[in-house]
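This report is meant for a reader meeting the structure for the first time.

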Amino acid sequence: MTSLSAGRARPVNPHWLAIVLSSLMAFAPLAIDMYLPALPEIGRSLAASPASVQLSLSSFFLGFGSGQLVWGPLGDRFGRRGPITVGILIYIAASFGCALTTDADHLVLWRFAQAFGACAAPVLARAMVRDLFPQDQAARMLSLMMLIMGVAPMVAPLLGGQILVLLGWRAIFWGLAAFGLAVLLALFSIPESLAPAARRRVGIGAMLSGYLRLLGDRSYLAYSLAGAFFTGGMFSYIAGTPFVYIEYFGISPQSYGLLFGVNVVGMMIFNLVNRRLVLAVGSDRALRYGALGCAASGIVLAALGATGSFGLAGVAVPLFFYLAMLGLVGANSMAGAMSVVPGMAGAASGLAGTIQFGVGAAASALVGWLSDGTPGPMVLVIGAMGICCALAALALPART
């Protein structure tokens, strides 16, 4: 590849650009997945119930979703790098708070703040991709970024499990703070992607009007909801499996990390598939294929998991195929959402992210509320999310 020119700044090597942008998008998987093996231990340490500990996960989803409504428009107005920097600093401070907390209620609040700051990085990293590439090429670049980023959710639970055993759960949050500092330094090795002349200097009223314009667009809703319902299933998996795998099936935190990593391999494989599939059939059709795969695997998961058929394999194998569809659904739904209204990539990315994390927070909270000590609630919610993902993708209007 040759170097790219971002905005009016110096040229940047596209390989390094992909690595830095992937690191910016890794905040969520690291902040979520590293502490998953520690959830049962955190509950014991803070004398909190499983539902209370899961609430710290739901609050992270809410913070990550609501923050995107703020950071997206700020990125359109002030450029990408400045808001990302502020967000990462908030994330680092909140990570300190999580590490020092002494009760579950404060952990919930710090996790919300941690997520609010962290979400600036991925929402504006996606917008930087849209600044530089048209829709189909943006989908390919996002797939490459997700492929690189796939290392984060693969390594995070394994690393979290080892840190838990060696240093305790609080050290996980110190590690997350260190990651934030490292990425903040890397951010200044790439140029700003949005030239001052292309920035939208709008007020709150115009911002709200822009959101209403996006929400009134059928294509935007179809793209966003397809990604959101997939995310709802993925977050249900994230919230439910620490207890289903560790408490119900009795596997160790380290083995949990291995199972988690296997699922990430599936995501990475299908991100590679998507990069070729987009060139062959376009991003919209690739999105529909992935959404139908979500529905099929979700139905199988619900049927096997709820009845206890095949034990752990009856849950883990269908989950592998459901989660692998991130490679088709994630990049294509977001690239499509950001392409609907020209000049609003940041706001479109932020609103789509808010919808995704809102659905994800609701789905993961539902899993916690319905928890009965069996895989049933988790697999049924994921199955429902897979069906809804397919319906949203099929509702996407044909391009003219």
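## The nonpolar core

Among the 130 residues of the largest nonpolar core, those that touch the most other members are Leu21, Leu24, Leu36, Phe61, Phe230 and Ile238. Such a core is a set of buried Ala, Val, Leu, Ile, Met, Phe, Trp, Tyr and Cys residues joined through side-chain atoms within 4.5 Å, where buried means under 20% relative accessible area, exposed over 50%, and partly exposed in between (1.4 Å probe, protein chains only). Helix 12 (residues 218–248) gives the most to this core, namely 16 residues.

When neighbours within four places in sequence are left aside, Phe61 is in contact (heavy atoms within 4.5 Å) with Ile32, Phe235, Ile238, Phe357, Gly360, Ala361 and Ser364.

## Basis of the model

The model is predicted, and its local features need pLDDT of at least 70, while side-chain atom pairs count only at pLDDT 80 or more and totals for chains, interfaces and linings use all residues. Residues are numbered from 1 along each chain as its sequence is written, and side-chain values use heavy atoms, with hydrogens and water left out.

## The chain as a whole

The secondary structure comprises 18 helices and two strands, which are DSSP runs numbered from the N terminus (helices H or I, at least four residues; strands E, at least two). Of the 400 residues in the chain, 59% are buried. Among contacts between residues at least 6 apart in sequence, 85% join residues at least 24 apart.

## Phe96

Phe96 lies in helix 5 (residues 81–100), and it counts as partly exposed because its relative accessibility is 37%.
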